[in-house]
Amino acid sequence: MWLFVFYDLPTSTKPERKTASRFRNYLLKDGYMMIQYSVYARICNGQDRVEKHLRRLDGILPSDGSVRVLKITDKQYERMKILVGTHKNNEKTKTEQLVLF
């Protein structure tokens, strides 16, 4: 399961840029990878993890701007078409599943 975060935060003033940078750095620290500018995604193993990360996001949301979240399945992610450009080197294309015997 994938969790996408889309955001558009104001950056006109120095405090606004600092808030936007803090939000972006939080996403990176929490395991999100940058898909495009202001579009970040992470893999979540199950609905419980999705809920956990949504609660975390609620705790650090900036007061201004727009932040949206989209949850999609692995199959839906695999069907994503890149119209221009390529996958980035750090972009994971499949979820890795641990197999125990």
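Let's start with Ser38, which counts as partly exposed at 27% relative accessibility. On that scale, buried means under 20% relative accessible area, exposed means over 50%, and partly exposed lies in between, using a 1.4 Å probe and protein chains only. Ser38 sits in the loop between β2 and β3 (39–43). Its phi is near 70°, a positive value in a residue other than glycine.

Before going on, a word on what you are looking at. This is a predicted model, where local features need pLDDT of at least 70 and side-chain atom pairs count only at pLDDT 80 or more, while totals for chains, interfaces and linings use all residues. Residues are numbered from 1 along each chain as its sequence is written, and side-chain values use heavy atoms, with hydrogens and water left out.

Now the overall layout. The protein has 3 helices and 4 strands, and along the sequence they follow the pattern β-α-β-β-α-β-α. Helices (H or I, at least four residues) and strands (E, at least two) are DSSP runs, numbered from the N terminus. Of the 101 residues in the protein, 26% are buried. As for contacts, meaning heavy atoms within 4.5 Å, take those with a separation of 6 or more: 68% of them are between residues 24 or more positions apart.

Met1 lies in the segment before β1 and is partly exposed, at 24% relative accessibility. In sequence, Met1 and Ile43 are 42 residues apart, yet C-alpha to C-alpha they are 5.9 Å apart in space. Setting aside neighbours within four places in sequence, Met1 is in contact with several residues, including Arg42, Ile43, Val50 and Ile72.

Beyond its neighbours within four places in sequence, Glu16 is in contact with Pro10 and Thr11.

Leu61 belongs to the loop between α2 and β4 (66–72). Here the relative accessibility is 38%, so Leu61 counts as partly exposed. Leu61 and Ala20 are 41 residues apart along the chain, with 9.9 Å between their C-alpha atoms. Apart from neighbours within four places in sequence, Leu61 is in contact with Phe23 and Val67.

On to charges. Side chains of opposite charge can pair when their charged atoms come close. A salt bridge here is a side-chain nitrogen of Lys or Arg within 4 Å of a carboxyl oxygen of Asp or Glu. How many salt bridges does this rule give? The count comes to 1 salt bridge. It joins the side chains of Arg56 and Asp30, at 2.4 Å from N to O. This pair links distant parts of the chain, 26 residues apart: Arg56 is in helix α2 (residues 47–60), and Asp30 is in the loop between α1 (14–29) and β2 (33–36). Are these partners buried or exposed, or something in between? Arg56 is partly exposed, with a relative accessible area of 32%, whereas Asp30 is buried, at 12%.

Next comes a residue with a record attached. UniProt, in an unreviewed entry, places the feature "binding site" at Asp8. UniProt positions are given in the numbering used here, feature names are shortened, and annotations may be inferred rather than shown by experiment. In the model, Asp8 is in strand β1 (residues 2–8), and at 56% relative accessibility Asp8 counts as exposed. Not counting residues up to four places away in sequence, Asp8 touches Gly65 and Ser66.

Finally, the empty space. Rolling a probe the size of a water molecule over the atoms shows where empty space is left. On a 1 Å grid over the protein atoms alone, a pocket is an open set of points where a 1.4 Å probe fits, with protein on both sides within 12 Å along at least five of seven lines; lining residues have an atom within 4 Å of a point.

The largest pocket is lined by 16 residues, and Ile35, Gln36, Ile82, Val84 and Thr86 lie nearest its centre. Which strand gives the most to the lining? β2 does, with 3 residues, and β1 and β2 each supply at least two.
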